Amino acid sequence: MPGPLVAAIPTVSAFIARHGVTKAVKKYGRAAVDKAMKAGSKANRKVDDVLDKAQGVTKKTPGRKSAKDGITVGKKRTQADRRTQRIKGAAGGAAVTGAASMSSNKKTTAAKKLPLAKKGMPVDVRGTGKGMRYFQNGKEVRIK
């Protein structure tokens with residue numbers, strides 16, 4: 001049964017990002033999910049407007065932009081829109097990379113060293129140059 005509508009929009013948005021809309025509707029209800037999605041698109045539009053303004057696109061710039069249909073007409077508007085999408089994509093990628101690196105608190109394990117070759121036993125050598133590998137009794141070993 002869906003939870004109350006009182007759930008905070010950021011909480012619902014984060015749940016949607018992690019688990020998807022279907023599970024979010026089951027947990028929080030259709031109204032809360034709609035509200036969170038509208039808030040997300042509103043924030044997205046504000047980011048677009050700020051980036052357009054920074055690139056010199058105003059209401060007087062020739063052409064038009066329809067976010068609903070995904071249409072951008074006019075040379076300067078089109079160029080600005082492409083730069084905006086690149087900036088937003090890079091920011092999203094950096095956020096994902098940062099979140100992934102922060103969530104992995106596991107210690108990195110060093111590569112396990114191969115056992116040393118025993119003296120007095122034959123060693124098989126395979127490969128040439130830097131690609132040489134040493135084997136003793138069918139197992140890879142290292143030479144001191």
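Predicted model: local features only at pLDDT ≥ 70, side-chain atom pairs only at ≥ 80, totals over all residues.

User: How are α2 and α3 oriented relative to each other: parallel, antiparallel, perpendicular or oblique?

Analyst: Helix α2 covers residues 21-28 and helix α3 covers residues 30-54. Their axes are 7 Å apart and pack at an angle of about 130°. Angles over 145 degrees count as roughly antiparallel, and 65 to 115 as roughly perpendicular. The pair of α2 and α3 is therefore oblique.

User: Which residues of α3 meet α2, and how many residues in that contact are charged?

Analyst: From α2 come V21, A24, V25 and Y28. They meet R30, A32, V33 and M37 in α3. By class, the contact of α2 with α3 has seven nonpolar residues and no polar ones, and the charged count is one.

User: What angle do the axes of α1 and α3 make?

Analyst: The axes of α1 and α3 come within 9 Å. Helix α1 is roughly perpendicular to α3. The crossing angle is roughly 90°.

User: Which residues of α1 meet α3?

Analyst: On the α3 side are A32, V33, K35, A36, M37 and A39. By class, the contact of α1 with α3 has eight nonpolar, one polar and one charged residues. The α1 residues are I9, V12, S13 and I16.

User: How far apart are the C-alpha atoms of V12 and V33?

Analyst: V12 lies in helix α1, and its relative accessibility of 1% counts as buried. V33 in α3 is buried too. Along the chain, V12 and V33 are 21 residues apart.

User: What span should α3 have, given its 25 residues?

Analyst: Take 1.5 Å a residue. The count used is one less than the number of residues.

User: Is the aromatic pair of F15 and Y28 stacked or edge-to-face?

Analyst: The structure holds one aromatic pair. The ring centres of F15 and Y28 are 5.5 Å apart. Their planes stand at 85°, and over 60 degrees counts as edge-to-face. So the pair of F15 and Y28 is edge-to-face.

User: Which helices does that pair tie together?

Analyst: F15 and Y28 are 13 residues apart in sequence. F15 counts as buried at 12% relative accessibility, and Y28 counts as buried at 12%. F15 lies in α1 and Y28 in α2, so the helices tied together are α1 and α2.

User: Is V57 buried or exposed?

Analyst: V57 sits in the loop between α3 and β1. Leaving out residues up to four places away in sequence, V57 touches D52, K76, R77 and A80. Its relative accessibility is 10%, and the cut-off for buried is under 20%, so V57 is buried.

User: How far is V57 from R77 in space, C-alpha to C-alpha?

Analyst: R77 is one of the residues V57 touches. The two are 20 residues apart in sequence. C-alpha to C-alpha, V57 and R77 are 6.6 Å apart.

User: What phi does N137 have, and is N137 buried or exposed?

Analyst: N137 is in the loop between β4 and β5. It is not a glycine, yet its phi is positive, at about 55°. The relative accessible area of N137 is 65%, and over 50% counts as exposed, so N137 is exposed.

Definitions and conventions:
Residues numbered from 1 in each chain as written. Heavy atoms only, no water. Axes fitted to C-alpha atoms, helices over the stretch in contact; angles between N-to-C directions. Helix = DSSP H or I, 4+ residues; strand = E, 2+ residues; numbered from the N terminus. Parallel < 35°, antiparallel > 145°, perpendicular 65-115°, else oblique. Contact = heavy atoms within 4.5 Å. Nonpolar A, V, L, I, M, F, W, Y, C, P; charged D, E, K, R; others polar. Buried < 20%, exposed > 50% of the residue type's maximum accessible area, 1.4 Å probe, protein only. Phe/Tyr/Trp six-rings, centres within 6.5 Å; stacked < 30°, edge-to-face > 60°.
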